[in-house]
Amino acid sequence: MMTSPDRIRRTFPGISTRAWEHPADRTALVALRSFTGFDTVLRTLSGLLRERQHRLLYLATAVRVDERQFSTLHDLRADAVRILDAPVTPELYVVQDPSANALTIGMDVPFIVVTTGLIDLLDVEEMRFVIGHELGHALSGHAVYRTMLMHLLRLASNIGWVPVGGWALRAIVAALMEWSRKSELSGDRAGLLCGQDVDASVRVHMKLAGGAMVAEMNHAAFLQQADDYDRTGDLRDGVLKLLNLELQSHPFSVLRAAELRRWIAGGDYDRILDGRYPLREQDRHARIGDEIREAARAYRESFDQSDDPLIRTVRNLGRDVGAAVSTVGQEVGETVSKIGKRLGL
């Protein structure tokens with residue numbers, strides 16, 4: 001990896017993770033954090049989840065990043081920690097693996113793992129986005145809560161007396177996967193805040209979708225695919241989209257790039273760059289009710305703006321039902337009024 005020229009990037013002193021967390025992701029996190037002693041229980045159980053075993057495994061089989069090993073990655077991590085004003089610097093490991101991947105694991109002290117396949121695929125600015133993405137996961141506690149929730153889910157499916165049937169369990173899995181997908185959108189926002197390079201953030205998803213030949217791809221055309229995906233097809237395609245996503249822990253690359261574009265267009269990115277963001281010291285005052293309302297608003301806006309054939313059908317059906325109810329109500333009102341006049345009321 002070759003070092004790119006330095007450029008001035010804004011820093012965000014005291015920034016709260018709520019600044020970059022997707023509303024649905026943030027709601028779940030605020031709810032989990034509100035349980036007294038919940039983090040203590042998580043860290044007590046972390047020994048049961050082989051966290052130490054995994055850490056020892058990477059220590060023995062991967063390369064730990066520092067100023068002497070993968071110094072460019074070391075510098076990128078240090079810069080991301082500085083920009084997001086992270087209170088801790090997570091360990092970073094490089095593992096030999098031809099697949100392009102990065103993950104943040106560990107409940108007690110989360111650490112980041114990137115594959116050689118990802119390093120070979122991305123340039124420095126694109127890798128900066130990835131390191132920021134993973135740092136966002138670590139700071140939000142995604143590894144902690146995702147690991148614990150999936151562990152509890154496995155327990156529920158294995159204990160007979162727990163009243164969770166097949167379809168109920170599938171609904172829980174779907175809900176967890178939906179949260180997991182939204183947490184990836186949160187990570188993308190953190191990555192953009194670290195890199196502050198919109199083109200590089202889109203190139204990451206272009207390369208994850210189509211490989212290293214980014215010169216053969218087009219930024220605008222790639223984003224156009226998301227628009228075409230949203231509006232193309234009929235009702236059957238809308239159902240198939242849901243089925244394709246049902247058990248996916250990550251959104252599809254094209255859709256992730258489009259979601260990042262929507263976040264930028266909504267003005268949140270510029271507001272954070274201007275220094276208008278929530279602070280960590282205010283986190284203890286965050287209310288779950290406010291977060292639920294914000295999540296509902298975000299989903300409602302997405303629902304209202306979507307051109308997906310299934311969502312469009314449901315939306316139109318709702319409008320038709322609303323119009324029918326309004327018409328019936330008006331007719332009933334007029335009838336009552338006529339009867340009242342005849343009776344002299």
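Helices α4 and α6 are oblique to each other. Their axes cross at roughly 55° and come within 9 Å. The model is predicted. It contains 15 helices and 4 strands. Of its 345 residues, 42% are buried.

**Helix pair α4 and α6**

- The crossing of α4 past α6 is right-handed.
- On the α4 side, the contact uses T72, L73, L76, R77, D79, A80 and V81.
- On the α6 side, the partners are V124, M127, R128, I131, G132 and L135.
- By class, this contact holds 8 nonpolar, 3 charged and 2 polar residues.

**Nonpolar cores**

- The largest nonpolar core has 38 residues.
- Within this core, F12, L73, L84, V114 and M127 touch the most other members.
- Helices that each supply at least two residues include α4 (71–83), α5 (116–121), α6 (124–140) and α8 (166–195).
- Helices α12 (253–265) and α13 (268–273) also supply at least two residues each.
- The most comes from α6, which gives 6 residues.
- A second core is separate and has 9 residues, among them V202, F222, A257 and A258.

**Helix pair α9 and α12**

- Helix α9 spans residues 198–210, and its axis comes within 8 Å of the α12 axis.
- These two axes cross at roughly 165°.
- An angle over 145 degrees counts as roughly antiparallel, so α9 is roughly antiparallel to α12.
- The crossing of α9 and α12 is left-handed.
- V198, S201, H205, L208 and A209 of α9 form one side of the contact.
- S253, R256, A257, L260 and I264 of α12 form the other.
- The contact residues divide into 6 nonpolar, 3 polar and 1 charged.
- A257 is in this contact and also in the second core.

**D188 in α8**

- D188 sits in helix α8.
- D188 counts as buried because its relative accessibility is 1%, and the cut-off is under 20%.
- Leaving out residues up to four places away in sequence, D188 touches F129, H133, H205, R256 and L260.
- H205, R256 and L260 are also part of the contact between α9 and α12.

**Contacts along the sequence**

- Among contacts with a separation of 6 or more, 74% join residues 24 or more positions apart.

Definitions and conventions. Residues are numbered from 1 along each chain as its sequence is written. This is a predicted model: local features need pLDDT of at least 70, side-chain atom pairs count only at pLDDT 80 or more; totals for chains, interfaces and linings use all residues. Side-chain values use heavy atoms; hydrogens and water are left out. A nonpolar core is a set of buried Ala, Val, Leu, Ile, Met, Phe, Trp, Tyr and Cys residues joined through side-chain atoms within 4.5 Å. Buried means under 20% relative accessible area, exposed over 50%, partly exposed in between (1.4 Å probe, protein chains only). Axes are lines fitted to C-alpha atoms, for helices over the stretch in contact, and angles run from 0 to 180 degrees between N-to-C directions. Angles under 35 degrees count as roughly parallel, over 145 as roughly antiparallel, 65 to 115 as roughly perpendicular and the rest as oblique. A crossing is left-handed if the near helix is turned anticlockwise from the far one by less than a right angle, and right-handed if clockwise. Contact means heavy atoms within 4.5 Å. Ala, Val, Leu, Ile, Met, Phe, Trp, Tyr, Cys and Pro count as nonpolar, Asp, Glu, Lys and Arg as charged, and the others, Gly among them, as polar.
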